[in-house]
Amino acid sequence: MKNSFLEKIRRGEKPLGSFSELCSPYSIECMALSGLDYVILDMEHGPAELHDISEGIKAAAYHGMAPFVRIPSLARDAVLRPLDLGA
């Protein structure tokens, strides 16, 4: 599957991305279609829960945009669950 973030990194280019507190698949899809290479889904300061993050990760990956997650803490759970979902 295409990943424009990794492609640009490998070519020595700078990828373009943004934070998102709205983890709706529709908002993530709009971000991807606007040409962003990655999105940082914010669980630390935003209202997003694990289900929201899951949907955002799927939408980003479907459109070739790298999904990163800003976790709320360094607890094992908080780190591993987003990774299990594909972040």
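**Cysteines and sheet**

Modeller: By the rule that a disulfide is a pair of cysteine sulfur atoms within 2.5 Å, the count comes to 0 disulfides. This is a predicted model, in which local features need pLDDT of at least 70, side-chain atom pairs count only at pLDDT 80 or more, and totals for chains, interfaces and linings use all residues. Residues are numbered from 1 along each chain as its sequence is written, and side-chain values use heavy atoms, with hydrogens and water left out.

Colleague: What makes Cys 23 buried or exposed, and what about Cys 30?

Modeller: Buried means under 20% relative accessible area, exposed over 50%, and partly exposed in between, with a 1.4 Å probe and protein chains only. Cys 23 has 6% relative accessibility and therefore counts as buried, whereas Cys 30, at 54%, is exposed.

Colleague: How do you know that strands S2 and S3 pair?

Modeller: Strands are DSSP runs (E, at least two residues), numbered from the N terminus, and two of them pair if DSSP finds at least two bridges between them. Strand S2 (residues 38–42) is joined to S3 by 5 bridges, so the two count as paired, and they run parallel. Val 39, for example, has Pro 67 in S3 as its bridge partner.

Colleague: What makes S1 and S3 the edge strands?

Modeller: The 3 strands form an open sheet in the order S1-S2-S3, with parallel pairing. Strand S1 (17–20) and strand S3 (66–70) each pair on one side only.

Note on methods:
Helices (H or I, at least four residues) and strands (E, at least two) are DSSP runs, numbered from the N terminus.
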